[in-house]
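Welcome! Please take a look at the structure below and keep it open while you read, so that you can find each part as it comes up.

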Amino acid sequence: MESIETVSIDERNRLNFSGGPGVLPDTVLRQAQEAIREAPGAGLSILGISHRSDWFASVVAELQDNVRSLLGLPDNYHVLFLQGGATQQFTMVPMALLAGRANPAEYLHTGYWSGKALPEARREGLVRVLWSGEPHGYDRLPADNELAFAPDAPYLHYVSNETVEGLQFHRVLGRDDVPRICDMSSDFLSAPGDFSKFSLIYAHAQKNIGPAGVTVVVMKDELLKDAPAPGVLPGFLDYHEQIKASSILNTPPVFAIYVVLLVTRWLRGEIGGLTAMGRINAAKADLLYRQIDDSGGFYQAHAARPDRSTMNVTFRLPTPELHYRFIEMAARAGLSGLSGHRSIGGIRASLYNGMQLAAVEKLVEVMRDFQSR
Ligand SMILES: *Cc1c(COP(=O)(O)O)cnc(C)c1O
C-alpha cells in the first residue's frame, strides 16, 4: 500500500469524502486560487474587492441567473445569498411564516438535521411533527401512506437529504395548496427536479456547491404575503430587507459567493446541467452501493434501500476494531473524511458533485482489498 506522502495534494483533494465542507472540482479550486491574486476583470485580489463594486454586482447577477436557470425557476423567485448557514434559516423561516399563526407548521423529523430545525421553530410558534424516524434510529424515510398532510398548515418543512444518516427523498412531498419549504443543503444542484413546486428552498454552500459562509435561499415572491410587514423583524433576519438590499444588506462573503459562481459555471458549461450531473452522481453512488451489497454482509448499509442517498453513503463494518483498521488503511491510500458523523458512527462516504468517479473507484478498490485481507 502506498504511504500518504506518495499521494499528491491534488490527488488527496480529489479523495476527500468529507460530509462537509465537501470536495470541490479541480478547475474551481484552481480558479479560486488565481482569484486570490487577481480576480478576472477586476485587477485586484478578490479578498480586497469592494462588495459595492460593479464587478461584484455582476457576480451576484450572474449567479442569480445561473441558479434560476439550473433549477428551471421563473422570475417570480428571488435568489438570495445570506449568512448564518442553514442554521439561521431554521430560525428565519418560522420568524417570517409561523409566529402568531393559529395552526401548526408541519415538520418531518427524518434525521439529525431536520431535528435541529425543530426547537428553533418551536421558539416561534406551533409545530406538528408529522412523522419521526427516531424509534428506528433514522434508518428509513416515510412512505406516502404514513403522511397525512393538513390543508391549513402555514407550511411544510423537510430536509431533502439527511446528510448524517444518508437518507434522501426521491420525490416531492406535500400538498400543492400548502407552501413547501425544504432544506436542500446537502443535495442542492445535484440532480434535476421539480423545483417550482417549492415556495422556499435553502442550501448553504459548504456541502455541495462551495465553501462555508454563504447560504442560497430561493423564494417564491408570494410566500411573504402573510409575513410580518417590512420593519417588524430584525433587519438582518427579515427576508423583505434582504430582498430589498439584493443580498448586500451588510458586507457579504464576496469570496464564498464567487466560488459558488465558479461551481455554477462549471455545472452549466463543463458538466452540461443538472440532468448530466444527476447521471454522474447516480453512477458514483451505484458503484459504491453495489460494493456494499456484494460484500456478503461484511459492509452493512445504514439506510433502507429505497431511501438511499446519492450524496452520503453510510455503512458499517462488523466490529469497531475493523472500523478503525479500515479508516487507517484508507488514510494510507490518501482517502480522507470517511468517519461517520459523531451522532451515529460508522463510515460515511460523501460523493458530492465535485467528486470524480475515479475517486469512488479508488474507495471501492480499498474496500475490496480490505475485505479480502
Ligand atoms: C450541515 C447541514 C446543516 C447545518 O448547516 P450550517 O450551515 O452549519 O448551519 C443543516 N442542514 C443540513 C441538511 C446539513 O447537511
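**Around the main sheet**

Helix 4 (residues 85–97) lies across strand 1, strand 2 (105–109), strand 7, strand 8 and strand 9, and it runs at about 155 degrees to strand 8. Bear in mind that this is a predicted model.

- Seven strands make up an open sheet with mixed pairing, and their order is 1-9-8-7-4-2-3.
- At the edges you will find strand 1 (77–82) and strand 3 (127–132), each of which pairs on one side only.
- From one strand to the next, the twist averages 20 degrees.
- Helix 3 (residues 54–71) also packs on the sheet, where it touches strand 1 and strand 9 (215–220). The direction of helix 3 makes about 125 degrees with that of strand 1.
- Strand 7 (residues 180–183) and strand 8 (residues 200–204) are parallel partners, joined over three bridges.
- Across this pair, Asp 183 stands opposite Tyr 202 in strand 8.

**The ligand**

- Which of the 13 residues around the ligand come nearest? They are Thr 87, Thr 163, Asp 183, His 204 and Lys 207.
- His 204 has a polar side-chain atom 2.5 Å from an oxygen atom of the ligand.
- For Lys 207, a polar side-chain atom lies 2.6 Å from an oxygen atom of the ligand.
- Gln 206 has a side-chain N or O atom that is 3.0 Å from an oxygen atom of the ligand.

**Helix 10**

- Helix 10 (residues 357–372) has 16 residues. Its first and last C-alpha atoms are 23 Å apart, close to the expected 22 Å.
- The buried residues of helix 10 are Ala 359, Val 360, Lys 362, Leu 363, Val 364, Val 366, Met 367 and Phe 370.
- What covers these buried residues? The cover includes helix 1 (9–14), helix 8 (274–293), strand 11 (312–316), helix 9 (320–332) and strand 12 (347–350).

- Strand 11 is mostly covered, with four of its five residues buried.
- Strand 10 (residues 300–301) pairs with strand 11 in the antiparallel sense over two bridges, and Gln 300 stands opposite Arg 316 in strand 11.
- Strand 11 also pairs with strand 12, in the antiparallel sense and over four bridges.
- Val 313 has Ala 349 in strand 12 as its bridge partner.

Conventions. Residues are numbered from 1 along each chain as its sequence is written. This is a predicted model: local features need pLDDT of at least 70, side-chain atom pairs count only at pLDDT 80 or more; totals for chains, interfaces and linings use all residues. Side-chain values use heavy atoms; hydrogens and water are left out. The expected span of a helix is 1.5 Å times one less than its number of residues. Buried means under 20% relative accessible area, exposed over 50%, partly exposed in between (1.4 Å probe, protein chains only). Contact means heavy atoms within 4.5 Å. Two strands pair if DSSP finds at least two bridges between them. Axes are lines fitted to C-alpha atoms, for helices over the stretch in contact, and angles run from 0 to 180 degrees between N-to-C directions. A residue is near a molecule or strand if one of its heavy atoms lies within 4 Å of it. A polar contact is a pair of N or O atoms within 3.5 Å; within protein, one must be able to donate a hydrogen and the other to accept it, and residues adjacent in sequence count only if both atoms are side-chain atoms.
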